[in-house]
Amino acid sequence: MGRRKTLGELQLAIMNILWTEGEATSAQVHQALLEERGLAPTTIATMLRKMETKGVVKHRLEGRQFIYSPTVERSDVHRSMVAELVERLFAGDPKALVSHLVDAGEVEWEELEVLRRSLERAQEDKDQESRES
């Protein structure tokens, strides 16, 4: 993603539609968000143009319609937004974020077990890479 791309709540909702569908018109995005958001079609069109300027979506012309598609991967946006959260709220310390989630009861014990196994696999992968170097 190059430099960090921060997305607002509406932008992230739009990106989730584009990531799921692959591509969509402004009208299709509006329809998908209508019940949840109740926004005007012009609001969605304006936001898509802003997102294109930001470099997170692109469009192609089909007849007289713009068909929008994402230019960034979901995982890249997640990584960037989490990195920004850690930087802004926890002075760049990811351990502080995890501690906060655990202390605040935001993580269930079953989820901690899944995380523990994930950490073990990551350590094994890192050890394997070290042995291969």
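Phe66 comes out partly exposed, because its relative accessibility is 36%; Tyr68, at 3%, is buried. Here buried means under 20% relative accessible area, exposed over 50%, and partly exposed in between (1.4 Å probe, protein chains only).

This is a predicted model, where local features need pLDDT of at least 70 and side-chain atom pairs pLDDT 80 or more, while totals for chains, interfaces and linings use all residues. Residues are numbered from 1 along each chain as its sequence is written, and side-chain values use heavy atoms, with hydrogens and water left out.

Back to those two rings: searching the whole structure turns up one aromatic pair. Phe66 and Tyr68 make it, in an edge-to-face arrangement. Ring centres of Phe, Tyr and Trp (its six-membered ring) must lie within 6.5 Å to pair; planes under 30 degrees apart are stacked, over 60 edge-to-face, the rest tilted.

| Property of the Phe66–Tyr68 pair | Value |
|---|---|
| Phe66–Tyr68, centre to centre | 6.2 Å |
| Phe66–Tyr68, between the planes | 70° |

Now the fold. The protein chain has six helices and three strands, running α-β-α-α-β-β-α-α-α from the N terminus. These are DSSP runs: helices are H or I with at least four residues, strands E with at least two.

As for overall dimensions, the C-alpha trace spans about 55 × 40 × 25 Å along its principal axes. Buried residues make up 26% of the 133.
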